[in-house]
Amino acid sequence: MELMKQIKTHPFLFGLLLLLPLAFLLLGKPRWQFYPLYGLFLLSLGLFLLESFGAFHPGKSTHRIFLFLGGTLLLLFLLFSAVFPKMKIKEPEGPYKVGTKIYLLEDTTRDEPYTEDPEDHRQIAYQVWYPAEETEGHQKTKWITQGKTLTRTLAKSFRFPAFLLDHTAEIYANAYLDAPLLPADTPYPVVLISHGWQGFRELHTDFSEHLASYGFIAISIDHTYGAQAVPMKDGSTALLKKEALPNRSSTEAFQKASSLLMSTYGEDVLSVLEDLTRKKEEKDPFFQAINLSTVGVLGHSTGGGGDVYAAQKDSRISALLGLDAWLEPLGEEALSNGLSIPALFVRSSQWSQGPNNLHLRTLLSASSEASLFEMRDTNHVDFSMAYMYSPISPYIGFSGKLGPEKSSEIQKALLLSFFHETLGSENITGIPTLEDVLSRYEDLLPIQEKDLPSLWHFTKEKSF
């Protein structure tokens, strides 16, 4: 009778107790964003039970406190869910379904420069995306295959609470793990992708899935100790080593460390290329279907500089696309040697100022087929999937005002057309020409070499 009395007296409270568990079921797997909602449920249940059994007789002030606390918890739930939602990766637009495989590579010809054990060899991971013949019976892979090991390392590296990015470990990508490769009359062209400093291979999953859906093999590399978390062959995980790129407090130490980091990234690209060649020579059916005579490379930031390093060393690399490619650690001598392959560099508005443009000028002036464009109203992180972390990033200055949807659209169109023209892909037709893409988007601004600053400008402006 007392329970029924409480139900009649507090229908709102009783309604919360019925609706909140239903909300939990509809919201799916528990995430930290739901914790205020769980707190509201426990607060409501506790108050209801105490009143029902006569253990507590709240007055008006208690009810006001409950309404204030309950309202605050509900607002926190709505705020956390809006700012850190579980985003969905946009499905690739091409005609092919996408499969993916993950490989761990130990290059016994290279020492590991970032561990103290002299017997350690360089180990890296790389993930392959490709056109799939059939996906039935195969599971979609998670976007971040290292799960919370990676998300918590990433959060800590940016001094966030460790749990803040946990929800991203539950996001699914659009590729199916180990699905069979779609047979083709001609070998598939290959694009190797390198992330920037403190990135990880899945940070360009959207590019990889996009290319694979149009008939390319896309391979993204984890650059160990420059990446957030990389699986090792013994089952351990190699975490980011921030000391691999110290601050500029000591110019000599910074130059030495950055040069080592850049060459390590570049050698990683060459290690993967050698591993692909070895697998193909061993008659692995999967790798028999890929074309390694003309390979494209795509890199962001440190990955872009590493790609320049690799392209100058290996003639199989036939095209290069650099997104805010960081060139300083390569040194003036290497930059003055230029590139003899088609090379397209795209810089963000954020990087339109600063010494990297001096190094770009040196490289462009020494290269036979290199060009530079600026993507208007963008930041450095816009050349990655940083948009997956929060939809408010453009409003707090983390990413540019152009917005992730438009920025991503432009980049995907650009890289698809560029690699289609430079590598050739007979497996798919109807891809717009690079000229059409460049003329279609007014947010892509051509930058002439003469418009880049010279050493005199930097000396005059004291920009170093």
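Helices (H or I, at least four residues) and strands (E, at least two) are DSSP runs, numbered from the N terminus. The model is predicted: local features need pLDDT of at least 70, side-chain atom pairs count only at pLDDT 80 or more, and totals for chains, interfaces and linings use all residues. Residues are numbered from 1 along each chain as its sequence is written, and side-chain values use heavy atoms, with hydrogens and water left out.

**View 1. Leu358 in helix α11.** Leu358 has its place in helix α11. With a relative accessible area of 10%, Leu358 is buried; the term buried means under 20% relative accessible area, exposed means over 50%, and partly exposed lies in between (1.4 Å probe, protein chains only).

View 2. The largest pocket holds about 1200 Å³ of space. Pockets are found on a 1 Å grid over the protein atoms alone: a cavity is a set of points where a 1.4 Å probe fits but cannot get out, whereas a pocket is an open set with protein on both sides within 12 Å along at least five of seven lines, and lining residues have an atom within 4 Å of a point. Grid points are joined across faces, edges and corners, and the volume is the space filled by probe spheres set on the points. The lining of the largest pocket comprises 44 residues, of which Phe158, Trp197, Gln198, His380 and Val381 are the closest to its centre. Helices α7 and α11 (356-366) are the elements that give two or more residues to this lining. The largest contribution, three residues, comes from α11.

**View 3. Helix α7 and the residue that follows.** Helix α7 spans residues 251-281, 31 residues in total, and reaches 45 Å from its first C-alpha to its last, close to the 45 Å expected at 1.5 Å a residue. The expected span is 1.5 Å times one less than the number of residues in the helix. Just after α7, Lys283 adopts a positive phi of about 65°.

**View 4. Strand β10 and its two parallel partners.** All seven of the seven residues of strand β10 (residues 317-323) are buried, so this strand is largely enclosed by the rest of the structure. Strand β9 (residues 290-300) pairs with β10 in the parallel sense over six bridges; two strands pair if DSSP finds at least two bridges between them. The chain passes from β9 through helix α9 (residues 302-313) to β10 in a right-handed β-α-β crossover. A crossover is right-handed if, with the strands pointing away from the viewer, the path from the first strand over the helix to the second runs clockwise. Strand β11 (residues 343-348) also pairs with β10 in the parallel sense, over four bridges, and Leu344 of β11 is the bridge partner of Leu321. A right-handed β-α-β unit is formed by β10, helix α10 (residues 332-337) and β11.

**View 5. Gly296 in strand β9.** Gly296 lies in strand β9 and counts as buried at 0% relative accessibility. Its bridge partner in β10 is Ala319. Gly296 and Val191 are 105 residues apart in sequence, yet their C-alpha atoms are 4.5 Å apart. Beyond its neighbours within four places in sequence, Gly296 is in contact with Val190, Val191, Leu192, Ala319, Phe419 and Leu423, where contact means heavy atoms within 4.5 Å.

**View 6. His420 in helix α12.** His420 belongs to helix α12 (residues 404-423). Its relative accessible area is 19%, and His420 is therefore buried. Residues up to four places away in sequence aside, His420 touches Phe216, Ser425, Ile428 and Ile431.

**View 7. Pro183 in the loop between β4 and β5.** Pro183 occupies the loop between β4 (172-177) and β5 (188-194). At 59% relative accessibility, Pro183 is exposed. The C-alpha atoms of Pro183 and Ala132 are separated by 8.6 Å, with the two residues 51 apart along the chain. Apart from its neighbours within four places in sequence, Pro183 contacts Glu133 and Tyr188.
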